[in-house]
Amino acid sequence: MAIRNIVTEGEAVLGKKCREVTEFNERLAQLLDDMLDTLKHTETGVGLAAPQVGMCKRALVISYDEKDYEMVNPEITAKRGKVEGTEGCLSCPEQYGIVPRAEAVTVEYQDRFGARKRLKADGYLARIIQHEADHLDGILFKDRATRMLSPEEMANG
Ligand code: CO
């Protein structure tokens, strides 16, 4: 396990459509372990996608509500409802915006061994999944934000 460097806005890898993972090997396991380590090391982050550590691969990790998730080749197969909420991103430090997202999603993905899984999520977890899945298509939350918060709004928490 190791802490990897988180790339920030402006790095080309953040704008790319990432490659599907086809090999479920030790390197993938290492990447996922490192990503979770890196995420937890930030203390404030709840999700991290592989391109954020410079790897253009369809993999993401989430650590939210005392649970860890790892998703390889995730695909959102159903969405329900629409809700606005505030988002930030480890790759866009000190920036927050209002982003409309589906209220609930179904996501199909593979685990680190290649086994197929399905998860239904709502609330904040659904938002995190949508935010991280977007990273795999080179989309940042700012691309979807209806507006960004002003410094005054951020100061008021
Ligand atoms: Co992000």
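In strand E7, Asp-122 is the bridge partner of Ala-104, and this pair belongs to the antiparallel pairing of E7 with strand E6 (residues 104-110), which extends over 7 bridges. The model is a predicted one, in which local features need pLDDT of at least 70 and side-chain atom pairs count only at pLDDT 80 or more, while totals for chains, interfaces and linings use all residues. Residues are numbered from 1 along each chain as its sequence is written, and side-chain values use heavy atoms, with hydrogens and water left out.

Strands (E, at least two residues) and helices (H or I, at least four) are DSSP runs numbered from the N terminus, and two strands pair if DSSP finds at least two bridges between them. On this basis, 5 strands form an open antiparallel sheet in the order E1-E2-E3-E6-E7. Strand E1 (47-49) and strand E7 (116-122) each have a single partner strand, so one side of each is left without a neighbour in the sheet. Neighbouring strands of the sheet are turned by 40° against each other on average, direction ignored; axes are lines fitted to C-alpha atoms, for helices over the stretch in contact, and angles run from 0 to 180 degrees between N-to-C directions. Helix H1 (residues 26-42) lies across E1, strand E2 (59-64) and strand E3 (67-80), and runs at about 35° to E2.

Ile-129, which is placed in H2, counts as buried at 1% relative accessibility, where buried means under 20% relative accessible area, exposed over 50% and partly exposed in between (1.4 Å probe, protein chains only). Not counting residues up to four places away in sequence, Ile-129 touches Ile-62, Met-71, Ile-76, Val-105, Val-107, Leu-119 and Ala-121, contact meaning heavy atoms within 4.5 Å.

The protein donors of the cobalt ion are Cys-89 (SG), His-131 (NE2) and His-135 (NE2), lying 2.1 to 2.2 Å from the ion; donors are N, O and S atoms within 2.8 Å of the metal (3.2 Å for Na, K and Ca), and water is not among the atoms, so sites may look incomplete. Cys-89 lies in strand E4 (residues 83-89) and His-135 in helix H2, so the pair ties together parts that are 46 residues apart in sequence.
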